[in-house]
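Subject: Structure handover

Hi,

Here is the structure I promised to pass on. Have a look at it first, and then read my notes below.

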Amino acid sequence: MISIYKPSDFHVHLREGEILNQALKENIAYFQKILVMPNLKKPITNSKRLISYRNQIESINKNKIKIFFTIYLNSEWSTKEIVNCYKNKLFFAAKLYPKNATTNSKTGFSDIKDLTKYFYILEKHNIPLCLHGESISYQDDPFDREKKFLEKELSWLRKHFPNLKITLEHITTKDAVDYVKENKNISASITTHHLLENTNSFLGDSLKPELFCKPIIKNRNHQISLQKIALSGHKNFFFGSDSAPHYKKLKFNNECCAGVYSTKYSISNIIEFFSLNKKTKNLNKFLSLNGNTHYGLDFLKKEISFKKIKNYKFQKLSKCGDDFLCHYNHFKDYWSKI
Ligand SMILES: [Zn+2]
């Protein structure tokens, strides 16, 4: 048996409609706190949309867990509106997407410098900035996008806004691990699937659409670097699942959309991974402490317990509307909540 504090997931996609219902229920079962991403079909680029999305979610949540919201940072916002919304606690962090970096990001930035006036506001009011850290140029190899972002956009941002609190989301490379270790005011989130998969499992044997995500899963050397830092409990690295549900017909299609839906089994997978590596003493750091400390938040020190079930029959699909959602799982054994 293993007991841990009920975890926090600092990177969640709940989407809308039927998917929202299901994804939120799964989050309520496993997490005490989640940070919800804003890249809806119509992204959250004004206060009206932010309030409406909050209301939809809170009407299902009914205060069962703490939900923190993000805004989609682009030039549609006025700086005044951002400050007002933040002061009224309508959102917690701003999320920045490069144009077309991932699902629903076509109104992201082309040149990060165009958003300079917003970075002043975020830095001044101590509003965290969450980054999808990939430099998007169609001349470049998709496997190099994260490294290029560190060299280009992130270095520029850190040079001009050294006091801005930054989360580099869903890191995938050794380069990102090293960058975060060497710099101040920056932490990184790590997903379950980037910890447990690599290019061999994703496309070495047969291509697995269910593992297609952005940033794309990297090779074994990068994976080892992520695994080492997560297992170490280093204070600047924490769990953010980037769990991103899509309908099956959109995952297994001519054009597979990016996103791995990991919520249902993420905690089981993380416990098993830490357990196999004899690092369960660092589970609370990765799943609760580090993220909350980075964001300056309290969390409930209420424990939940798990027991291991050998050779569990995992659910691969669950019905959602007239389609299905595909659940990600890695290990054969399951850590079940007691
Ligand atoms: Zn995401």
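Before the notes, one term: two residues are in contact here if their C-beta atoms, placed from the backbone, lie within 7 Å. On that basis, take the contacts in the protein between residues at least 6 apart in sequence: 72% of them join residues at least 24 apart. Please keep in mind that this is a predicted model.

**The overall picture**

The secondary structure comes to 12 helices and 13 strands. The C-alpha trace spans about 55 × 45 × 45 Å along its principal axes. How does the radius of gyration sit with a compact globule? For 338 residues such a globule would have a value near 20 Å, and the protein has 19 Å, so the two agree. Buried residues account for 44% of the 338 residues.

**The eight-stranded sheet**

Eight strands make an open sheet with parallel pairing, in the order E2-E3-E4-E5-E6-E7-E8-E9. Its edges are strand E2 (8–12) and strand E9 (237–239); each has a single partner strand, so one side of each is left without a neighbour in the sheet. From one strand to the next, the twist averages 25 degrees. If you want a place to start looking, E2 runs parallel to strand E3 (residues 33–36), and three bridges join them. Asp 9 stands opposite Ile 34 in E3.

E1 pairs with strand E10 (residues 303–309) in the antiparallel sense over four bridges, and Ser 3 stands opposite Ser 305 in E10.

Next, the hairpin. Strand E11 (residues 317–320) and strand E12 (residues 323–326) pair in the antiparallel sense over four bridges, and Ser 318 has Leu 325 in E12 as its bridge partner. Two residues lie between E11 and E12 in this hairpin, and Gly 321 in the turn has a positive phi of about 60 degrees.

**Two helix pairs**

H11 turns up again in a helix pair. Helix H1 (residues 17–30) packs with H11 at an angle of about 30 degrees, and their axes are 8 Å apart. H1 and H11 are therefore roughly parallel to each other. From H1, the contact takes in Ala 23, Glu 26, Asn 27 and Tyr 30; from H11, Thr 263, Lys 264 and Ile 267. By class, those residues are three nonpolar, two polar and two charged.

The other pair is helix H5 (residues 145–160) with helix H6 (residues 174–182), packed at an angle of about 30 degrees with their axes 9 Å apart. That angle makes H5 roughly parallel to H6. Glu 146, Lys 147 and Leu 150 in H5 meet Asp 175, Ala 176 and Tyr 179 in H6. The contact of H5 with H6 has three nonpolar, no polar and three charged residues.

**A few residues to look at**

Phe 149 is in helix H5. Is Phe 149 buried or exposed? Phe 149 has 26 other C-beta atoms within 10 Å, so Phe 149 is buried. Leaving aside residues up to four places away in sequence, Phe 149 touches Gly 133, Glu 134, Ser 135 and Leu 154. Phe 149 and Lys 307 are 158 residues apart in sequence and 41 Å apart in space, C-alpha to C-alpha.

Some backbone details are also worth a look:

- Arg 15, in the loop between E2 and H1, has a positive phi near 60 degrees although Arg 15 is not a glycine. With 24 C-beta neighbours inside 10 Å, Arg 15 counts as buried.
- His 170 has a positive phi too, near 35 degrees, and lies in the loop between strand E7 (166–168) and H6. His 170 is buried, with 27 other C-beta atoms within 10 Å.
- The peptide bond from Lys 214 to Pro 215 is cis, with omega near -10 degrees. Pro 215 lies in the loop between helix H8 (199–204) and helix H9 (220–232).

Cheers

Conventions. Residues numbered from 1 in each chain as written. Predicted model: local features only at pLDDT ≥ 70, side-chain atom pairs only at ≥ 80, totals over all residues. Pairing = 2+ DSSP bridges. Axes fitted to C-alpha atoms, helices over the stretch in contact; angles between N-to-C directions. Parallel < 35°, antiparallel > 145°, perpendicular 65-115°, else oblique. Nonpolar A, V, L, I, M, F, W, Y, C, P; charged D, E, K, R; others polar. Rg over C-alpha atoms; globule rule 2.2 N^0.38 Å. Buried ≥ 20, exposed ≤ 12 C-beta atoms within 10 Å, placed from the backbone.
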